Amino acid sequence: MGLALYTASSTAAGGRQGTVKSSDGTLDLALSLPKGLGGNEKEGTTNPEQLFSAGYAACFDSALQMVAGKSKKKITSEVTAEVSIEKQLKGFGLSVKLKAEMEGVTQEEAEELMEKAHEACPYSRAIEGNVKVKKTAIAK
């Protein structure tokens, strides 16, 4: 392990129908099981897949901005991460669809930046080899 530059800490209690709170109090969220998983999906609650998709989208957009800057490209971007939970041979697993829309580059450049961002993003690196990620780059 490397030298930690920043550490986030959150505590969950009650599983998928409990709560999750960050150590600094910024996050204090109720959880419920989505209808797609047989739950009651209470209004105003979230779930682990939503939290993961939010973090992944933000991290990937940041990586995209970084690699664009290193490539001397000025872009405006928006990243959407769809995280699915699915049945797999060994129980449950995740799959991800990343869509990055970019202004200021050609389609070819957008696809190149998408690949570079995927190599640079800590979330992408953390799940490499464990989670299928479908990437779509769109130049606007």
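## Aromatic cluster

Phe52, Tyr56, Phe60 and Tyr123 are joined into a cluster by ring pairs. The model is predicted: local features require pLDDT of at least 70, side-chain atom pairs count only at pLDDT 80 or more, and totals for chains, interfaces and linings use all residues. Residues are numbered from 1 along each chain as its sequence is written, and side-chain values use heavy atoms, with hydrogens and water left out.

Rings of Phe, Tyr and Trp (its six-membered ring) pair if their centres lie within 6.5 Å; planes under 30 degrees apart count as stacked, over 60 as edge-to-face and the rest as tilted.

| Pair | Centre distance | Plane angle | Class |
|---|---|---|---|
| Phe52 and Tyr123 | 5.5 Å | 55° | tilted |
| Tyr56 and Phe60 | 6.4 Å | 70° | edge-to-face |

The pair of Phe52, in helix H1 (residues 48-70), and Tyr123, in helix H3 (residues 122-127), links distant parts of the chain, 71 residues apart. Tyr56 and Phe60 lie four residues apart in helix H1, about one helical turn.

Burial is classed by relative accessible area (buried under 20%, exposed over 50%, partly exposed in between; 1.4 Å probe, protein chains only). Phe52 is partly exposed at 24%, as is Tyr123 at 29%. Tyr56 is buried at 0%, and Phe60 is buried at 0%.

Over the chain, 30% of the 140 residues count as buried. The chain has three helices and six strands, where helices (H or I, at least four residues) and strands (E, at least two) are DSSP runs numbered from the N terminus. Their order along the sequence is β-β-β-α-β-β-α-α-β.
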